[in-house]
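Me: I would like to go through this structure with you, one topic at a time. Please have a look at it first.

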Amino acid sequence: MHELTYAVAGRAGTTELAARLAPELRAGDVLLLRGTLGSGKTAFVQDLSAALGYEGPVTSPTFTLANFYECPGLTVLHVDAYRLDSVAEFRDLGLVDYAERSVTVVEWGDLVAEDYPGHLLVEVALVPDSEEARVFTLSGGSPRWAALLDGLAALPGSELRVTG
């Protein structure tokens, strides 16, 4: 398992992480986001979509459950699983066909992790006593994510750990 921890002082750091990650993404990739309310999950999706070339507004799909952002050459499927009670409810949305053709980003992704064993987990944590600072922890066990995380380890303020 490769795990990259990246500390950011503010939104500019989130934007930098998204900008470095975006060109490496391709259709079929799944990113599962974990973090408390207000930790910056939607901000990360905003920056990721912008880095992929999307120019419209990116909002949390808490009530619509899913939004699509058409980027040049790639679609971002943005899902919010917060209001779902089970993975069965997620499956009933019928998004699996879209996930194969999109980069899928799921806020509150723990609910659907079993359906996407090859996902990249992106954890966003608040830093105590700071309104802007965050710590991102990206982890994945597949060779695809290992190579990507190795490349992101060059980001200032990042630390890469390899286990197992």
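Me: Which residue lies over the face of Trp145?
Reply: Arg144 does, at 4.8 Å from the ring centre. A charge sits over a ring if NZ of Lys or CZ of Arg is within 6 Å of the ring centre and within 35 degrees of the ring normal. This is a predicted model, in which local features need pLDDT of at least 70, side-chain atom pairs count only at pLDDT 80 or more, and totals for chains, interfaces and linings use all residues. Residues are numbered from 1 along each chain as its sequence is written, and side-chain values use heavy atoms, with hydrogens and water left out.

Me: And what sits over the ring of Trp108?
Reply: The charged end of Lys41, 4.2 Å from the ring centre.

Me: How many aromatic pairs does the structure hold?
Reply: Five. Rings of Phe, Tyr and Trp (its six-membered ring) pair if their centres lie within 6.5 Å; planes under 30 degrees apart count as stacked, over 60 as edge-to-face and the rest as tilted. One of the pairs is Phe44 with Phe136, with centres 5.8 Å apart and planes at 45°, so this pair is tilted.

Me: Why does that pair tie together parts that are 92 residues apart in sequence?
Reply: Because Phe44 lies in helix 2 (residues 41-51) and Phe136 in strand 7 (residues 134-140). Helices (H or I, at least four residues) and strands (E, at least two) are DSSP runs, numbered from the N terminus.

Me: Is Phe44 buried or exposed?
Reply: Phe44 is buried, with a relative accessible area of 0%, and Phe136 is also buried, at 0%. Buried means under 20% relative accessible area, exposed over 50%, and partly exposed in between (1.4 Å probe, protein chains only).

Me: Now the core. Which residues have the most contacts inside the largest one?
Reply: Leu21, Leu31, Phe44, Leu48, Val122, Phe136 and Leu152, in a nonpolar core of 32 residues. Such a core is a set of buried Ala, Val, Leu, Ile, Met, Phe, Trp, Tyr and Cys residues joined through side-chain atoms within 4.5 Å. Helix 5 (residues 143-152) gives the largest share, four residues.

Me: Changing topic, what is the strand order in the sheet?
Reply: Eight strands form an open sheet in the order 3-4-5-2-6-7-1-8, with mixed pairing. Two strands pair if DSSP finds at least two bridges between them. Strand 3 (66-71) and strand 8 (158-162) stand at the edges with a single partner strand each, so one side of each is left without a neighbour in the sheet.

Me: How many bridges join strand 1 to strand 8?
Reply: Five, and the two strands run antiparallel. Glu3 stands opposite Arg161 in strand 8.
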